[in-house]
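Please keep the structure open as you read.

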Amino acid sequence: MEEDGSKSPLRLMAEAFKDLAATVNSENPEVEVGTFSHACSLVSPLFGCLGIAFKFAEMDYVAKVDDLAAASKSFLTLQSLLDHDIQGSTVRKPGSHSRNLLRVKRGIDMVKILFEQILATEGNSLKDQASKAYAQVFAPYHGWAIRKVVAAGMYALPTRGQLLNKFNEDENSARMHMETYVAASAPVIQYVDGLFLSKELGVDW
Ligand code: 1PZ
C-alpha cells in the first residue's frame, strides 16, 4: 500500500528504467548521459535500507553516478562519452567516466539480480538473495578485503518485511515494481555491455 504513490522510490526507479528501456529498444538508440545517470541515481534510496555496513558501497556508487551526471554537461550520449575516453586512451583509467559507467552498470545489474532473487523466493531473510547477487556481479572484481566486509554486512541486512516497510510497499505493490524494474533494466544493462563490446573495450575488468 503506497501512501503516496508518486513518492514511492521503487516506483520511481521502475518507471525511470522503463523509459530508458523504451529508448534502448528503439531503432537507433541514443541514450543520453543525463537520462541514464538520473535513472541510476534513483537506485540510491535502496542503500538507506541496507544498514551501516553498506555505507561505503553507497559512497562509491553515488560518487560514480555523480561523475556521470557531471559528464552529461560535456557529453550528450553514452556513446560519445566512451568515444572521448577511447581517443584519450583513458577508458580504464581510475576515475574515468567510462570506467565509472561500467561500475554503475554493475550496480544496476546487482539490483536486478537481487530483485529477481527476491521475487523467486519466500522467507524473511535477504541474505542468500543478496549474497547471490553480489557473487554474480561484483565479487569477481573485488579483492579479498572488500569481499570479506560485504560478507559480514550480509548478516546485518534488514528482513524482507523491514525492507518493504521502509519502502512503504506491501508485498503486491513491491512485486509489481520489482518486476517492472527487472524487465526494464535487462535491455539497458545489455545496451551498455553492447557499447563496450562493440568498441572492443571488454567488460571484464
Ligand atoms: C541487500 C543487498 C546488499 C547489497 C550489497 C552491495 C554490496 C556492494 C559492495 C561494494 C563495495 C564497494 C567498495 C568499493 C569498490 C571499488 O573498489 C570498486 C571499483 O571502483 P574503481 O576502482 O573503478 O574506482 N567499485 C565498484 O565495484 C562499484 C561498487 C558499487 C556498489 C553498488 C551496489 C549497488 C547494489 C545495491 C543493492 C541494494
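F56 lies in helix α4, which spans residues 55-71 (helices, H or I, of at least four residues and strands, E, of at least two are DSSP runs, numbered from the N terminus). This is a predicted model, in which local features need pLDDT of at least 70 and side-chain atom pairs count only at pLDDT 80 or more, while totals for chains, interfaces and linings use all residues. Residues are numbered from 1 along each chain as its sequence is written, and side-chain values use heavy atoms, leaving out hydrogens and water.

With a relative accessible area of 37%, F56 is partly exposed (buried means under 20%, exposed over 50%, partly exposed in between, with a 1.4 Å probe and protein chains only). I146, in helix α8 (residues 144-153), is also partly exposed, at 35%.

Helix α4 also holds D67. What does the side chain of D67 meet? A polar contact of 2.7 Å joins it to the side chain of H97, and another of 2.9 Å joins D67 to N100. Such a contact is a pair of N or O atoms within 3.5 Å; within protein, one must be able to donate a hydrogen and the other to accept it, and residues adjacent in sequence count only if both atoms are side-chain atoms.

## Around the ligand

The ligand is surrounded by 22 residues, and the closest are D60, K64, R99, R103 and H142 (a residue counts if one of its heavy atoms lies within 4 Å). Taken alone, the ligand exposes 860 Å², of which the protein buries 88% (areas come from the Shrake-Rupley method with a 1.4 Å probe; for residues, only the protein chains shown count as cover).

## Salt bridges

The model has eight salt bridges, each a side-chain nitrogen of Lys or Arg within 4 Å of a carboxyl oxygen of Asp or Glu. Among them are these:

| Pair | N to O distance |
|---|---|
| K55 and E58 | 3.2 Å |
| D60 and K64 | 2.9 Å |
| E171 and R175 | 3.4 Å |

D60 and K64 sit four residues apart in helix α4, about one turn of the helix. D60 is partly exposed at 41%, whereas K64 counts as buried at 18%. E171 and R175 are separated by about one helical turn because they are four residues apart in helix α10 (residues 171-198). R160 joins E171 and R175 in a network of salt bridges.
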